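Thanks for asking me to look this one over. Here are my notes, point by point, to read with the structure open beside you.

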Amino acid sequence: MDLTLVAQGLLSGLLFGGVTSLMAVGLTLIFGVMRVVNFAHGDMMVWGMYLAWMLSSRAGIDPYLGFVVCAAALFVLGLGVQRGLVDRILDAPHEMQILLMLGVALVLENAALVAFGPEPARVRSSLTLPPLWLGPLFVDVARLITFVIAIALTVLLGLFLFRTAFGRRIRAAADNPYGALVVGTDVRRVYAVAFGIGAACVGAAGALVAPILPFQPTTGLGLSVASFNIVIIGGMGSLLGAFLGGLIVSIAESLGAVFLAPSMKELVSFGLLIVILLFRPAGLFGKRAA
Amino acid sequence: MSTLLRLADVEVGYGDLVAVHGISLEVRQGEAVALIGGNGAGKTSTLRAISGLLPLRRGRVELAGARLDGLRASQIVARGVAHVPEGRQLFPSMTVRENLELGSRDGDRRRHDETLEFVYALFPRLRERERQLAGTLSGGEQQMCAIGRGLMARPALLLLDEPSLGLAPVMVKLIFETLRAVNDQGTTLLLVEQNVARALALAHRSYVIENGRIVLEGPREQLLASPHIKQAYLGL
């Protein structure tokens with residue numbers, strides 16, 4: 001086995017991991033605060049991709065700038081979904097939430113199909129520079145930029161949650177919703193904003209990954225499952241777990257593609273899920289099995 | 001003394017169950033009032049009705065003449081009513097300091113710091129445990145943290161639900177001494193308790209609630225002299 005190839009796999013996996021982490025952080029934030037699994041997560045990401053594509057093809061805005069607009073648009077979408085739909089069923093049994101969120105996923109997917117057609121699309125960034133060489137390893141510039149922005153956004157989210165008064169209220173509502181109500185938190189507002197931020201994360205992730213990955217309206221389901229997998233590996237509701245889980249899964253898949261056939265990369269990530277659940281049923285950073 | 005809190009004919013319940021049958025009570029500015037009664041008498045439901053955590057089915061709640069019923073819990077906190085709930089309801093995976101700060105409704109940093117200093121002076125133990133996660137505190141420390149969190153709102157009225165529940169006698173004594181000090185400094189208290197002896201000792205006036213109805217009301221001396229209280233609550 002060529003060590004350079006392994007190192008290259010590690011590096012590519014790590015670079016792609018930034019955006020995987022951002023996607024999973026969005027999902028775990030929504031779950032941690034509301035105990036709702038956003039099954040429309042991947043489809044929201046696909047909408048982030050298509051918005052980036054529209055901005056790029058119609059207005060000539062590069063996805064590495066356009067991601068801001070995509071994040072803002074998905075924030076509004078997430079806020080609307082929470083206020084209009086999720087808020088009504090927060091106290092309902094879990095299967096109701098699953099049905100509702102799957103319904104949202106179907107609507108988003110089919111709306112994308114109607115709007116953009118079934119053919120795969122791809123966004124070209126004008127920043128297509130030649131790869132950088134780190135000794136024998138090459139660094140794809142698009143992946144590097146995607147990685148840097150995704151990590152920066154994750155850090156910003158962390159600062160918001162841990163350093164601002166509103167972020168503290170979000171964490172409090174996640175920790176004890178009744179307690180948050182007692183101290184006078186407008187829990188409905190916190191929920192709406194948290195859902196909006198979770199959707200904005202995945203919207204930005206979609207825009208950032210659009211220059212790397214071709215996509216089509218049906219891409220969403222796979223992305224939802226991938227996010228869900230990472231969040232379980234990291235520990236449901238744990239932000240750090242989702243962040244590190246995203247990097248770990250991405251590296252594992254990338255290495256899997258070196259050692260196994262590239263088409264078998266999912267085998268690696270779901271194998272990882274099974275192994276981690278065997279030894280740590282609550283995930284890497286989960287507090288305990290609920 | 002002017003009336004701070006007035007409940008008139010308040011009825012609340014859960015589903016088919018009526019927990020509180022049209023009770024009326026008053027708390028005057030600066031007073032400490034206790035609501036005593038056994039398990040399931042409707043004490044907690046009454047407090048939850050005041051702080052907007054349980055909707056009223058009938059009647060009204062007024063704070064200094066302005067209606068509270070119908071407002072959301074967050075709006076009621078903003079009017080100066082803080083609630084130290086049953087079971088404390090802290091944020092277990094956040095630090096003691098974060099728990100306290102979440103009780104604050106001050107945008108002003110300096111006022112906020114002053115209030116925090118005031119709470120730390122009342123409960124020096126909380127200062128020592130400032131960076132510890134609230135979930136790792138002992139029961140008594142958690143109760144201090146819950147009361148401290150309530151005081152962080154600089155409330156005009158502090159509602160306390162069974163502050164003595166599950167605590168060692170030494171801790172109960174300390175908590176009640178602190179509540180006395182808080183009341184002496186001008187915060188009005190409405191306290192729900194099963195520890196009747198402690199409650200009567202702290203409160204200027206008390207209401208006795210049984211099966212969702214107020215059956216007795218009066219100043220400390222009068223209730224202590226009541227044969228019903230002696231027999232049913234003090235075991236004398």
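At what angle do helix α5 (residues 141–163) of chain A and helix α6 (residues 165–175) of chain A pack, and how far apart are their axes?

1. Keep in mind throughout that this is a predicted model. For the opening question, α5(A) and α6(A) pack at an angle of about 80°, and their axes are 5 Å apart. That angle makes α5(A) roughly perpendicular to α6(A). On the α5(A) side the contact is made by A:F160, A:L161, A:F162 and A:R163, which meet A:G167, A:I170 and A:R171 in α6(A). Sorted by class, the residues of this contact are four nonpolar, one polar and two charged.

2. Another helix pair in chain A deserves a look. Helix α2 (residues 41–59) of chain A packs on helix α3 (residues 63–84) of chain A at about 135°, with 9 Å between the axes. The crossing of α2(A) past α3(A) is right-handed.

3. Who meets whom in that contact? From α2(A) come A:M44, A:W47, A:G48, A:L51, A:A52, A:L55 and A:S56, and they meet A:P63, A:G66, A:F67, A:V69, A:C70, A:A73, A:L74 and A:L77 of α3(A). The class count for the contact of α2(A) with α3(A) is twelve nonpolar and three polar residues, with no charged ones.

4. A glycine to click on in chain A is A:G26, which sits in helix α1 (residues 3–34) of chain A. A:G26 has 32 other C-beta atoms within 10 Å and is therefore buried, the cut-off being 20 or more. Leaving aside residues up to four places away in sequence, A:G26 touches A:H41, A:G198, A:A199, A:C201 and A:V202. A:G26 and A:G158 lie 132 residues apart in sequence, yet their C-alpha atoms are 12 Å apart in space.

5. Turning to chain B, one open sheet has six strands in the order β6-β7-β8-β3-β9-β10, and its pairing is mixed. Its edge strands are β6 and β10 (213–219) of chain B, each of which pairs on one side only. From one strand to the next the twist averages 15°. Within this sheet, strand β3 (residues 32–36) of chain B pairs with strand β8 (residues 188–193) of chain B in the parallel sense over five bridges. B:A34 has B:L191 of β8(B) opposite it.

6. Which way do the side chains of strand β6 (residues 81–84) of chain B point? B:V81 and B:H83 point one way and B:A82 and B:V84 the other, and all are buried. In a regular strand, side chains alternate between the two faces of the sheet. Strand β6(B) runs parallel to strand β7 (residues 157–161) of chain B, with four bridges joining them, and B:L157 is the bridge partner of B:V81. Across β6 and β7 of chain B lies helix α6 (residues 139–151) of chain B, running at about 170° to β6(B).

7. Chain B also has an open sheet of four strands, ordered β2-β1-β4-β5, with antiparallel pairing. The edges are β2 (17–28) and β5 (66–67) of chain B. Strand β1 (residues 3–14) of chain B is joined to β2(B) by eight bridges, and B:G13 stands opposite B:V18. Helix α1 (residues 43–50) of chain B lies across β1, β2 and β4 (58–63) of chain B, at about 65° to β2(B).

8. Two backbone angles in chain B are worth checking. B:R88, in the loop between β6 and α3 of chain B, has a positive phi near 65° without being a glycine. B:R88 is buried, with 26 other C-beta atoms within 10 Å. B:E162, in the loop between β7 and α7 (169–184) of chain B, likewise is not a glycine and has a positive phi of about 50°. B:E162 counts as buried, with 22 C-beta neighbours inside 10 Å.

9. Finally, the interface: 18 residues of chain B contact 13 residues of chain A. On the chain B side, α2 (73–78) and α3 (96–103) each supply at least two residues, and the largest share, four residues, comes from α2(B). That side has ten nonpolar, five polar and three charged residues.

Notes: Residues are numbered from 1 along each chain as its sequence is written. Chains are lettered from A and ligands numbered from 1 in the order in which they are written. This is a predicted model: local features need pLDDT of at least 70, side-chain atom pairs count only at pLDDT 80 or more; totals for chains, interfaces and linings use all residues. Two residues are in contact if their C-beta atoms, placed from the backbone, lie within 7 Å. Ala, Val, Leu, Ile, Met, Phe, Trp, Tyr, Cys and Pro count as nonpolar, Asp, Glu, Lys and Arg as charged, and the others, Gly among them, as polar. A residue is buried if 20 or more other C-beta atoms lie within 10 Å of its own, exposed if 12 or fewer, and partly exposed in between; C-beta atoms are placed from the backbone. Two strands pair if DSSP finds at least two bridges between them. Axes are lines fitted to C-alpha atoms, for helices over the stretch in contact, and angles run from 0 to 180 degrees between N-to-C directions. A crossing is left-handed if the near helix is turned anticlockwise from the far one by less than a right angle, and right-handed if clockwise. Angles under 35 degrees count as roughly parallel, over 145 as roughly antiparallel, 65 to 115 as roughly perpendicular and the rest as oblique.
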